[in-house]
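Please open the structure in your viewer and keep the sequence beside it.

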Amino acid sequence: MLLPGPFTAAAAVAACDGVIDAEDEEVASALAQVVLFGTAMIAVIPVLSGLLGLSEHQAGLWAGSSVHEVAQVVAAAGIIGPAALAVAVIVKL
């Protein structure tokens, strides 16, 4: 079984692997997708929130509710600004 590290979605993938006995390639693919898409959201959320004209509060709500991993939420919202960061962390937790 692959060790997922601190990612909660990755931990869920690894836990499911123990139950359904998935192929190693399937598990690796699922883990890679969780990390890849979550990491992409670090850049996408700030750019799109700016293009859509969202306030920091609105952008923080979006980041906190749409990005799965806490660390990625902090990174995305931190780029937007301190108000977005405060809202995003509360929404995520």
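Begin with the whole protein chain shown as a surface. Its accessible surface comes to about 5,500 Å², of which 71% belongs to carbon and sulfur atoms; such areas come from the Shrake-Rupley method with a 1.4 Å probe, and for residues only the protein chains shown count as cover. The model is a predicted one, in which local features need pLDDT of at least 70 and side-chain atom pairs count only at pLDDT 80 or more, while totals for chains, interfaces and linings use all residues. Residues are numbered from 1 along each chain as its sequence is written, and side-chain values use heavy atoms, with hydrogens and water left out.

The protein chain has 5 helices and 0 strands, and from the N terminus on its elements run α-α-α-α-α. Helices (H or I, at least four residues) and strands (E, at least two) are DSSP runs, numbered from the N terminus. Along its principal axes, the C-alpha trace of the protein chain spans about 45 × 25 × 15 Å.

How many of the 93 residues, as a percentage, count as buried? The value is 28%, where buried means under 20% relative accessible area, exposed over 50%, and partly exposed in between (1.4 Å probe, protein chains only). Of the contacts in the protein chain with a separation of 6 or more, 59% are accounted for by residues 24 or more positions apart; a contact means heavy atoms within 4.5 Å.

**First selection: the charged patch**

Select Asp21, Glu23, Asp24, Glu25 and Glu26, which gather in a patch of negative charge on the surface. Patches are made of residues with over 30% relative accessible area and no salt bridge, like charges being joined within 9 Å and nonpolar side chains (Val, Leu, Ile, Met, Phe, Trp, Tyr) within 5 Å. A salt bridge is a side-chain nitrogen of Lys or Arg within 4 Å of a carboxyl oxygen of Asp or Glu. Lys and Arg count as positive and Asp and Glu as negative, whereas His and the chain ends are not counted. The place of a charge is taken as NZ of Lys, CZ of Arg, CG of Asp or CD of Glu.

Select Val44, Val47, Leu48, Leu51, Leu52 and Leu54, which make a nonpolar surface patch of about 530 Å². Leu52 lies in the loop between α2 and α3 (56–66). Is Leu52 buried or exposed? Leu52 counts as exposed, because its relative accessibility is 60%.

Return to helix α2, where Ser49 is found. Ser49 is buried, with a relative accessible area of 3%. Not counting residues up to four places away in sequence, Ser49 touches Leu54, Ala59, Trp62 and Ile80.

Move to helix α4 (residues 70–80), where Val73 lies. Val73 counts as buried because its relative accessibility is 1%. Leaving aside neighbours within four places in sequence, Val73 is in contact with Ala63, Gly64, Val67, Ala88 and Lys92.

Select Val87 in helix α5 (residues 82–92); at 16% relative accessibility, Val87 counts as buried. Which residues does Val87 touch, not counting those up to four places away in sequence? They are His57, Gly60 and Leu61.
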